Amino acid sequence: MSQPENTTTQATALTNHDRKPIHIPGSIQPHGILLALSTQLEILQVSDNTQTYLGKEPEELLGKPLSYLLEAQPVEAVKQCLVKKIGSHNAFQVSINTLHRERYFDAIVHRTEEVVILELEPTDSKSEVSFLGFHALAGEAIAKMQRTSNLIEFLHVVAQEVQKIIGFDRVMVYRFDQSGAGSVISEVKREDLSPYLGLHYPATDIPAQARELYTRCFLRFLPDLTAEPVKLLPPENPTTHQHLDLSYSVLRSFDSCCAEYHQNMGVKALLVISLIQEQKLWGLISCHHLTPKYISYEVRKMCEFLGQIVSSELAHKISYSEWDYKVKLKSLQSDFLESISQADNFIDALIKPEIRLLDLVSATGAAVCLDNEITLVGATPNIHEVRALIEWADIQVSNNLFSTDSLPKLYQEALIFKDTASGLLLLRISKVRRYYILWFRPEVIQTVNWAGNPNESIQAQADGSLSLSPRKSFEQWQETVRLTSLPWQACELESAIALSNAIVGIVLSKADELAKINLELERSNQELASFAYAASHDLKEPLRGIYNFSTVLLEDYAQVLDDDGIECLQTVVSLSVRMETLINALLRLSQLGQAQLREQATDLNELVTQVIEVFRASRQDSALVDIRIPRPLPTVQCDRVLVNEVFSNLLGNAFKYNDKPEQWVEIGYLSQEEAGGQGDKGTRRQGDKGTRGQGDKETRRQEEDNPTQSPMPNAQSPIFYIRDNGIGIPRHHLETIFRLFKRLHSQEKYGGGAGAGLAIVKKIVELHNGQIWVESTVGVGSIFYFTLE
């Protein structure tokens with residue numbers, strides 16, 4: 001999406017507005033009370049509306065201990081906030097005896113670096129939060145969201161469910177772009193309202209300071225945009241002599257510019273839920289109501305909780321689509337690099353067939369320049385225009401990778417060939433010689449629908465300075481964007497860089513071309529492993545939140561739940577524990593992908609003895625298992641810790657999947673001579689050679705295509721085995737048991753588990769350049785073989 005043409009003017013005005021300290025307004029909204037407390041819980045500041053809610057003037061409260069207003073139990077709850085991190089809220093309900101009657105309040109507490117802030121919102125009921133009510137609303141919403149895989153459909157369901165919970169006239173999902181501007185990508189509204197779906201909004205509508213606050217506070221509620229703010233007394237903190245930081249306050253008053261902006265849209269009440277992606281503000285769920293509307297604190301917390309679920313699920317929806325495209329590019333890149341490495345003519349390898357070079361970054365044309373030789377592929381400018389463009393890049397472009405989706409705005413001569421090259425991705429392979437690959441994309445004329453003319457928000461003052469002013473109209477205003485192509489995605493830039501890194505060795509030195517290509521492929525694999533690790537690691541935080549919230553509800557609110565509610569909650573806890581087990585397994589597998597072996601001479605007799613001792617100590621009935629070691633095991637070079645994990649997993653499985661009254665496990669090894677034709681017994685070995693050696697790609701491909709042929713291990717390597725008399729494995733499952741999360745039985749049978757143990761074992765064996773395979777007969781037992789080379 002493009003910003004309007006006068007971006008410099010907007011940037012100046014926006015910068016001026018960003019300096020406005022909206023986090024220290026010195027006032028709150030009037031639907032509650034605020035008290036600022038010292039670390040000794042002395043009242044330092046109060047909002048100037050205590051008489052309305054408490055029947056006490058502000059002066060009567062200032063300087064008093066909090067115990068003057070609250071009983072001992074809520075005072076202790078406030079005190080607990082002192083040990084929590086800044087911005088972390090603690091909420092509970094309190095009752096306060098006023099002049100005429102007892103009143104109930106929702107108390108929300110958090111701390112800043114200097115003070116503790118207690119906010120009180122009146123409530124008509126003294127009842128606690130209803131878990132079943134929460135489960136009925138939130139549970140149904142989460143289930144519907146999880147059933148959709150398409151991002152836009154998912155966000156539409158989100159908007160529908162939020163509107164169902166809060167009953168606002170309009171609920172929109174708003175997404176930011178890289179410039180800070182945004183657009184409405186989903187909307188649910190009252191039928192008589194004009195649609196905002198598809199409209200764009202400039203970055204000036206939500207300045208950077210406001211976006212930063214949305215990143216810290218996940219929910220913002222303004223029940224009445226016409227309400228007068230309530231001042232704090234005294235205006236400054238008496239100990240710090242500074243205005244009170246209300247960044248995390250739920251009652252913080254709103255900026256007059258914000259109020260005018262929304263009132264120009266006819267909005268009187270506003271609820272905004274932040275959507276966070278990779279710790280950055282991805283977008284907002286913006287809810288509008290045309291009349292003032294109050295929502296209880298517990299319903300708002302439900303909305304905030306849903307927002308966090310949406311953010312977590314959002315990462316999955318975005319990653320799924322992006323990951324699918326990345327996998328496609330990686331596959332193209334792998335095939336491309338293999339053909340280049342085997343080609344005698346480098347140019348021919350790049351451009352034949354031409355579609356490969358273009359698909360690598362989804363371009364419509366490309367030019368390959370090696371010194372003075374230029375080869376064109378697809379739809380491109382002519383040779384002379386490309387040569388002039390490269391000469392311009394020699395002077396103007398300093399980086400090895402350069403991209404733009406609007407080349408004519410940077411290079412005026414490109415106006416002539418905008419139909420083929422409004423977008424440019426330039427890869428400099430060598431700085432010593434003129435080696436370039438250029439990819440092109442054509443102009444795509446876009447019509448951007450803005451919510452009102454964004455330029456109207458820029459106002460010139462009498463002194464010549466510029467300022468922001470809320471727009472009066474939000475009617476659709478169209479801007480036609482020319483001289484731009486579709487933007488280059490980050491994964492496409494990564495694909496170009498990967499190509500560069502891989503072909504440097506081929507271009508400059510044929511002698512080490514294979515080594516350099518494998519190095520690049522190894523880096524790509526590490527990136528994939530890092531992605532899996534990061535994704536699994538990031539999933540644990542929201543999962544812990546679900547588990548902790550569920551446990552708190554189970555412990556503290558069990559008395560208000562019926563048996564069905566408790567059972568539902570226990571199910572949530574159980575599923576959370578199960579999910580954490582799966583995530584931990586995925587994390588472990590990702591860590592192995594990045595592990596560096598610490599090989600040393602290891603006496604396997606000592607190692608296996610330790611494994612057996614731990615096994616017997618951790619299982620009460622392990623004494624019933626006969627563990628046999630026919631002869632002493634050899635000493636091998638290996639990573640002691642990882643190989644310990646191999647034996648532990650295989651021994652544990654042999655014990656777990658055994659229903660015989662007399663159970664036995666045999667641990668031993670075979671020399672290659674003793675093994676004889678082991679590799680020809682007709683059972684395919686699971687897993688190829690490890691990736692540390694070069695290997696033979698053609699041989700490996702043939703092996704994978706033939707499920708009855710197993711690659712023979714190194715002639716010098718002993719073949720270790722663990723044999724049992726357990727339940728055995730059906731033949732049709734022998735191909736799949738080493739896959740991640742592959743279980744052959746339900747969770748209720750044989751002690752459950754994540755189904756990751758054999759995948760981890762396989763990974764460790766491959767790290768040692770080894771192989772692992774299995775032979776099994778149902779009802780008789782299994783033999784797991786593996787080598788460590």
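Contact means heavy atoms within 4.5 Å. Axes are lines fitted to C-alpha atoms, for helices over the stretch in contact, and angles between N-to-C directions run from 0 to 180 degrees. Helices (H or I, at least four residues) and strands (E, at least two) are DSSP runs, numbered from the N terminus. The model is predicted: local features need pLDDT of at least 70, side-chain atom pairs count only at pLDDT 80 or more, and totals for chains, interfaces and linings use all residues. Residues are numbered from 1 along each chain as its sequence is written, and side-chain values use heavy atoms, with hydrogens and water left out.

Helix H4 (residues 72-79) lies across strands S2 (33-37), S4, S5 (102-111) and S6 (116-123). H4 runs at about 150° to S4. An open sheet of seven strands has the order S1-S11-S3-S2-S6-S5-S4. Its pairing is antiparallel; two strands pair if DSSP finds at least two bridges between them. S1 (27-28) and S4 (90-97) are the edge strands, each pairing on one side only. S1 pairs with S11 (residues 230-233) over two bridges, in the antiparallel sense. Ser27 has Lys231 of S11 as its bridge partner.

Nonpolar cores were examined next. A nonpolar core is a set of buried Ala, Val, Leu, Ile, Met, Phe, Trp, Tyr and Cys residues joined through side-chain atoms within 4.5 Å. Buried means under 20% relative accessible area, exposed over 50%, and partly exposed in between (1.4 Å probe, protein chains only). The largest core has 39 residues. Those with the most contacts inside it are Leu604, Phe647, Leu650, Leu651, Ile667, Phe784 and Phe786. Helix H19 (residues 640-656) supplies the largest share of this core, eight residues. Leaving aside residues up to four places away in sequence, Leu604 touches Leu633, Pro634, Val636, Val643, Phe647 and Phe720. A second, separate core of 33 residues includes Val157, Val158, Ile309 and Val310.

The structure holds 10 aromatic pairs. Rings of Phe, Tyr and Trp (its six-membered ring) pair if their centres lie within 6.5 Å; planes under 30 degrees apart count as stacked, over 60 as edge-to-face and the rest as tilted. Tyr174 and Tyr201 form an edge-to-face pair, 5.7 Å centre to centre with 65° between the planes. This pair links distant parts of the chain, 27 residues apart: Tyr174 is in strand S7 (residues 170-176) and Tyr201 in strand S9 (residues 200-201). Both tyrosines are buried. Phe647, Tyr669, Phe720 and Phe786 form one aromatic cluster. The charged end of Arg631 sits over the ring of Tyr669, 4.1 Å from its centre; the criterion is NZ of Lys or CZ of Arg within 6 Å of the ring centre and within 35 degrees of the ring normal. The charged end of Lys64 sits over the ring of Tyr68, 5.4 Å from its centre.
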